[in-house]
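Please consult the sequence and the three-dimensional structure shown here.

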Amino acid sequence: MAYIGNQYNHLEKDLYKAPSVFSSGSTSLDTANDKESVVSDCESGVSGPCFDQPSLCNNGLIQLCSGDKAHDLITRRFLSNLGSMAVHIKDLTIQKNCFAGVTWQARLQSFQIFIKAMEKKCGGGGDANVKYAWCAATRDEICKIVKHGFGHCGLPKNSGLYGHGIYLSPDDSPMESVKNAVADKNGVRYLMLCRVILGKAELVQPGSKQCHPSSDEFDSGVDDLSSPKKYVVWSTHLNTHILPEFIVSFRATSSLKGFLGMQDRRKMPTSPWISFPALISALSKYLPPTAINLISKYYKDHKDKKISRHELIQFVRQFAGDKLLIAVIKSSRTKQYRHE
């Protein structure tokens, strides 16, 4: 079943109860029953400590502090969904997009219009399938997005494994985005918490070159229909279907940095007895030529220092799967032992 709109989104529901991220003087996405919770974007009765991090940018962002309902909710959800890794997060800071200026107000109204259009498309008063989702981006990328919106310049970089667009992870799977968060010169990593219009999602296979819905039936992409870890918003929908509402920044302890750097090497056994070219050659016996060509391309990108070893391993695992990789590596070891 391609439609994932029936998934329950706890963050979506709970943030409706918190002070609204939409200005009460402009278009609000809150339901009539939630009107009493709506406050101005730049007004919030916050209290408690705020961590002193270098200012991200002064273009419509305000920092939330402990005691603010949205701050506490996002913090609680973010850390609880990181599980045991949460203890390695420090100096967590949350900033809210005030949607300041005429351009952002227009984008805000446009987002609401597209929600209504999606509801009609999904059957009259249907579910537009609006979710909260995480997106990793660098400090510079976020500054450009906050200032200019999503564009070809300053888009968050991704692997391109699932086509051309922006990849986001569900609000209950922040680790998928944390793994891709790049530290700035001060050791701070950044995530955007966005509201996303997914509509009807279609399955996107690894290696896809897709840049728009495959037909009028679909609106977005996912890596798995039953339990997606990646939402794909196509490049044609960037400024209409994604609304960056919060910026979450944090520092990671050395333990977390080590975990993020080592987890793929631990999950996918590697061996000094098999090189990547030999691995690719062995995989060519089992995988289609299109997959082998993509793996070869990513290996070349790694040699050219365009992607990290961590990213290369992730790509190979996406295409081959751990079971096949383990079998190929074990086979290589066995063959070597026979020749010794």
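## Terms and basis

A residue is termed buried under 20% relative accessible area, exposed over 50%, and partly exposed in between, with a 1.4 Å probe and protein chains only. Helices (H or I, at least four residues) and strands (E, at least two) are DSSP runs, numbered from the N terminus.

The model is predicted: local features need pLDDT of at least 70, side-chain atom pairs count only at pLDDT 80 or more, and totals for chains, interfaces and linings use all residues. Residues are numbered from 1 along each chain as its sequence is written, and side-chain values use heavy atoms, leaving out hydrogens and water.

Strand S9 spans residues 242-252 and is mostly covered, with eleven of its eleven residues buried. Two strands count as paired if DSSP finds at least two bridges between them.

Strand S2 (residues 89-97) runs antiparallel to S9 and is joined to S9 by six bridges; Ile89 stands opposite Ala252 of S9. Strand S5 (residues 188-197) also pairs with S9 in the antiparallel sense, over nine bridges. Within that pairing, Tyr190 has Ser249 as its bridge partner, and Cys194 has Pro244.

## The sheet and its helices

The open sheet has nine strands in the order S1-S2-S9-S5-S3-S4-S8-S7-S6, with mixed pairing. Strands S1 (61-64) and S6 (201-203) are the edge strands, each pairing on one side only.

Helix H2 (residues 69-82) packs on the sheet and touches S1, S2, strand S3 (130-136), S5 and S9, contact being heavy atoms within 4.5 Å. Helix H3 (residues 102-121) lies across S2, S3, S5 and S9.

Methods. Axes fitted to C-alpha atoms, helices over the stretch in contact; angles between N-to-C directions.
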